[in-house]
Amino acid sequence: MDLLMIIDAINKEKKTIAGISAVFPIAIAELAALAIDWSEVSYEDGYRQVEERAMELKNVYNEVLSTINNCIEAYPGLTRNQKTMYEQMVRDYLNGVLPLVNPDWSPNELKGYLLQEATNYLSNYEISC
C-alpha cells in the first residue's frame with residue numbers, strides 16, 4: 001500500500017468517526033470504525049458498515065448496562081444515591097474499557113468481556129453480580 005492510499009484510508013476513517021459520533025458515543029464510533037479496512041471500501045460503503053457495527057455495539061453495550069444496573073438495583077443495603085453512583089461509575093468504567101476491545105469480536109464475545117469487566121469492577125466495591 002502506498003502513502004496516498006494510507007492517507008486516504010485514514011481520512012475516510014476520521015471523517016466517518018466525526019459523523020457517527022454525532023449519533024453514537026465516541027468510544028462506540030471509534031471501535032466500529034476500527035473494524036473496517038478503509039483501504040478496501042469507498043467512504044459511503046465504509047460509513048454504512050460503521051453505522052451498522054455501531055448500532056450492534058450500542059445494543060450490546062446497552063444490554064450489558066441494563067444487566068449490571070438490574071443487579072445494582074436489586075443489591076440489598078444500597079441507598080438510591082449509592083445505586084445511582086455505582087451505575088454511573090460502571091458506565092464510566094465501561095466507556096474507558098471500550099477502546100481496548102478487539103474491534104473484530106462478535107457481539108457475544110463483546111458482551112461476555114464487558115460483563116466480566118463490569119462484574120470485576122463492582123467486586124472492588126464488594127458488590128457481586
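Q: Which cysteines form a disulfide here, and how far apart are their sulfur atoms?
A: This is a predicted model, and in it Cys-71 pairs with Cys-129, with 1.9 Å between the sulfur atoms. The disulfide count comes to 1.

Q: Where in the chain do those two sit?
A: They link distant parts of the chain, 58 residues apart. Cys-71 belongs to helix H3, residues 43–74, while Cys-129 lies in the segment after helix H5 (107–123).

Q: And is the link left-handed or right-handed?
A: Left-handed, with -95 degrees about the S-S bond.

Q: Buried or exposed, what's Cys-71?
A: Cys-71 has a relative accessible area of 17%, so it falls under the 20% cut-off and counts as buried. Cys-129 is partly exposed, at 42% relative accessibility.

Q: OK, switching to aromatics. How many aromatic pairs are there?
A: The count is 5. One of them is Tyr-93 with Tyr-121, a stacked pair with 4.4 Å centre to centre and 15 degrees between the planes.

Q: Which helices does that pair link?
A: Tyr-93 is in helix H4 (residues 80–97) and Tyr-121 is in helix H5, so the pair links parts of the chain that count as distant, 28 residues apart.

Q: How accessible is Tyr-121?
A: Tyr-121 is buried, at 15% relative accessible area.

Q: Which tyrosines form the aromatic cluster?
A: Tyr-86, Tyr-93, Tyr-121 and Tyr-125 make up one cluster.

Note on methods. Residues numbered from 1 in each chain as written. Predicted model: local features only at pLDDT ≥ 70, side-chain atom pairs only at ≥ 80, totals over all residues. Heavy atoms only, no water. Disulfide = S-S within 2.5 Å. Helix = DSSP H or I, 4+ residues; strand = E, 2+ residues; numbered from the N terminus. Buried < 20%, exposed > 50% of the residue type's maximum accessible area, 1.4 Å probe, protein only. Phe/Tyr/Trp six-rings, centres within 6.5 Å; stacked < 30°, edge-to-face > 60°.
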